[in-house]
Each structure stands twice: as structure tokens, then as C-alpha cells.
Amino acid sequence: LHFVIIGDGAMREEVENVIRENKLSNVHYLGTKPRMEQSVFLNCCDIGLITLSKGMFGLGVPSKTYNLLALGKPIIYIGDEKSEIDMLIDEYNIGWSFNWDHESQIIDFMNTLNSLDISKTETSKLIAQEKFSENIILSKINNLIFS
């Protein structure tokens with residue numbers, strides 16, 4: 001496995017320290033990248049990893065979820081159970097979802113990734129088009145405001 005971490009946040013310094021202190025040659029932290037490069041770096045991955053800290057339940061779905069779906073990437077989600085993204089993955093079978101409290105399950109899963117079928121691409125693209133396209137979302141907003 002090779003992990004490429006892109007982005008910024010409260011855990012940035014800790015992530016960089018763990019990589020450096022443990023000499024993790026298969027983990028690279030690239031920091032923040034311009035949004036215009038997003039399709040390039042998201043297309044470089046086989047699977048997208050999305051994490052939300054404990055207690056983020058009910059605060060929505062990170063926008064990178066929709067971008068990964070549109071590119072046909074399966075998703076590994078680690079965060080609160082029954083969150084919107086957890087239910088999305090479960091309902092449409094577009095990836096795998098884990099709770100932070102089940103660390104051994106996450107490790108076991110990561111150790112078996114090479115043997116898994118990760119061909120969830122068509123389902124992911126279809127969900128993005130049918131549920132989250134710009135026209136669909138704008139129509140929902142319009143109905144909400146003017147109904």
C-alpha cells in the first residue's frame with residue numbers, strides 16, 4: 001500500500017511527525033493542493049480515503065466524497081457510524097466504512113486490500129450522476145426555497 005495524504009487541518013503537524021519518526025516510506029504528505037489540480041491527484045488513486053474525527057456526526061458529507069464518486073473511485077471511510085457518508089457507502093455499496101473504535105478491523109482490512117475487488121467504479125459514477133449532479137442539487141435547493 002502507498003498512502004498519499006493531501007490537504008491541511010488540525011492534525012497536520014502530528015501526521016508529519018508520525019511519518020518522519022516512523023520513517024514511513026510508503027506514506028507521503030503533500031500538503032494543500034490547488035483545487036484546479038484536484039482531478040489530477042484524485043485520478044492517481046485507486047481508492048479514496050475519507051476520515052472524520054469522532055463527534056462529527058450530522059455535520060454533512062465532505063465535498064471530496066462527491067469528487068471521488070464522480071471519478072468512479074471507491075471510498076474507505078473512517079468515522080462515526082450512521083453518519084451520512086457511512087449510510088451512503090452502505091446503501092450503494094460504493095466502498096467500505098469503519099468506526100475509529102474498531103482499529104483492528106481497519107488494520108486487517110488494509111492488510112487484505114491487495115486481494116479485494118475494488119471495481120465499484122460504475123456504481124460510484126452512477127450515484128454521482130443520479131443523486132449529486134449540479135442539476136439535481138440545484139433543483140432540490142430550488143424546491144426547498146420556493147415550495
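**View 1. Two aromatic pairs are counted in this predicted model.** The count comes to 2 aromatic pairs, where rings of Phe, Tyr and Trp (its six-membered ring) pair if their centres lie within 6.5 Å, and planes under 30 degrees apart count as stacked, over 60 as edge-to-face and the rest as tilted. Tryptophan 96 and phenylalanine 109 have ring centres 5.3 Å apart and planes at 45 degrees, so this pair is tilted. It joins strand E5 to helix H5, across 13 residues. Phenylalanine 98 and phenylalanine 109 are also a tilted pair, with centres 5.0 Å apart and planes at 50 degrees.

Local features here need pLDDT of at least 70 and side-chain atom pairs 80 or more, while totals for chains, interfaces and linings use all residues of the predicted model. Numbering starts from 1 along each chain as its sequence is written, and side-chain values use heavy atoms, leaving out hydrogens and water.

**View 2. Helix H5 has a buried side and an exposed one.** Within H5 (residues 103-111), Ile106, Phe109 and Met110 are buried (under 20% relative accessible area; exposed is over 50%, partly exposed in between; 1.4 Å probe, protein chains only). They share one side of H5, because their arc around the axis is only 100 degrees. Asp108 and Asn111, on the other side, are exposed. Cover for the buried residues includes strands E1 (3-6), E4 (75-78) and E5 (95-98).

**View 3. Phenylalanine 146 sits in helix H7.** This helix spans residues 134-146. With 66% relative accessibility, phenylalanine 146 counts as exposed.

Key: Helix = DSSP H or I, 4+ residues; strand = E, 2+ residues; numbered from the N terminus. Arc of directions from axis to C-beta. Contact = heavy atoms within 4.5 Å.
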